[in-house]
Each structure stands twice: as C-alpha cells, then as structure tokens.
Amino acid sequence: MNEMVNVLMIEADKSLLQDVVKYLSDNVQCQVTKLSVPGEQRNILTFPNLEIRINEQIVYHNGIPVPLTHHEFFTLFYLVQHPSWVLSKEQIYEAVLGYDKTGDESAITEHIKNIRKKFAAVNMAPIQTVWGIGYRWNA
C-alpha cells in the first residue's frame with residue numbers, strides 16, 4: 001500500500017510540475033528545455049542570462065551558480081510561477097513555507113533581501129517591489 005501511495009505522489013508531483021512548466025512556456029518569455037538523463041528528466045527554465053533547474057534546485061546566471069538556500073529557491077520559483085503577478089508576503093509565505101498565517105511573514109522579507117543581494121552580485125535585479133502590496137518577478 002505504501003508503495004502505491006509513493007507512486008501516486010510521484011505522479012502527482014510530475015503532473016503539477018508539467019502544469020507549471022506548460023503555464024510558464026505559454027505565458028512567459030522563457031524557454032523550457034527537457035534534458036534526458038538516464039532514469040530521470042530534468043526541467044529547466046531559461047531566461048536571458050538566467051537558468052533555473054527545477055529538479056536540481058539550482059539557479060545559474062551566465063553559467064555560474066547563484067547559491068540559494070532551500071527557502072530562497074522556492075521563494076524565487078514561486079515568483080517565477082506567477083509572472084507579472086504582484087504577490088503579497090502572505091501569499092508567498094503560505095506557498096513557500098506552507099503555513100496559514102501562523103508564522104512571521106518577515107521571513108519572506110529576509111528571503112527576498114537575500115535573493116536580491118545574491119543577484120546584485122551578478123548585476124541582476126529580477127524581483128521588483130510593489131510598495132504596499134508585495135513583490136513581482138521582473139526578469
């Protein structure tokens with residue numbers, strides 16, 4: 001029984017990821033590439049000078065890795081999933097950390113600050129602040 005549940009979870013994850021990748025490729029000026037690797041497939045989102053390897057949870061700028069923590073990566077990825085949307089700290093918090101307003105949303109402010117600092121080091125500013133509302137992906 002546990003094996004069947006695991007298979008269903010894996011298939012659900014694949015389905016969700018495929019939906020996200022399809023949405024992004026339809027609605028964002030990015031290129032989605034699938035690389036065949038023995039036994040698995042990796043999905044990559046490509047923007048000008050930026051590559052996001054979803055399954056590996058790695059971001060590259062001009063081929064150089066941008067070191068992000070787990071929560072920083074998923075904060076960035078959540079913004080990328082909703083191009084041109086203005087997302088509140090609360091929305092990002094619930095999506096990335098999975099809590100329903102029981103924690104401190106200032107964690108998102110810290111993650112955004114850290115992501116910006118890391119991207120500033122490579123002369124990039126992909127996250128825009130919309131004052132009084134939230135953040136928007138702007139790559």
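The legends below describe close-up views of a predicted model.

**View 1. Helix α2 and its burial.** Helix α2 covers residues 70-81, and because its 12 residues at 1.5 Å a residue should span 16 Å, the 16 Å between its end C-alpha atoms agrees with that expectation. The helix is mostly covered, with 9 of its 12 residues buried; among them are Glu 72, Phe 73, Leu 76 and Leu 79.

**View 2. The largest nonpolar core.** This core holds 27 residues, of which Val 59, Leu 76, Leu 79, Ile 92, Phe 119, Ile 127 and Trp 137 touch the most other members. At least two residues of the core come from each of β2 (40-47), β3 (50-53), α2, α3 (89-97), α4 (106-120) and β7 (134-137), and α2 gives the most, with 6 residues. In soluble globular proteins, nonpolar side chains tend to be buried together.

**View 3. The surroundings of Leu 76.** Leu 76, one of the buried residues of α2, is in contact with Val 59, Leu 68, Ile 115, Phe 119, Ile 127 and Trp 137, when its neighbours within four places in sequence are left aside.

**View 4. Lys 118 in helix α4.** Lys 118 lies in helix α4 and counts as partly exposed because its relative accessibility is 27%, which falls between the limits of 20% and 50%. Leaving aside neighbours within four places in sequence, Lys 118 is in contact with Val 66, Pro 67, Leu 68, Thr 69 and Glu 72. Val 66 and Lys 118 are 52 residues apart in sequence, yet their C-alpha atoms are 6.8 Å apart in space. The side chain of Lys 118 is joined to that of Glu 72 by a polar contact of 2.6 Å, and Glu 72 is itself buried in α2.

Notes: Residues are numbered from 1 along each chain as its sequence is written. This is a predicted model: local features need pLDDT of at least 70, side-chain atom pairs count only at pLDDT 80 or more; totals for chains, interfaces and linings use all residues. Side-chain values use heavy atoms; hydrogens and water are left out. Helices (H or I, at least four residues) and strands (E, at least two) are DSSP runs, numbered from the N terminus. The expected span of a helix is 1.5 Å times one less than its number of residues. Buried means under 20% relative accessible area, exposed over 50%, partly exposed in between (1.4 Å probe, protein chains only). A nonpolar core is a set of buried Ala, Val, Leu, Ile, Met, Phe, Trp, Tyr and Cys residues joined through side-chain atoms within 4.5 Å. Contact means heavy atoms within 4.5 Å. A polar contact is a pair of N or O atoms within 3.5 Å; within protein, one must be able to donate a hydrogen and the other to accept it, and residues adjacent in sequence count only if both atoms are side-chain atoms.
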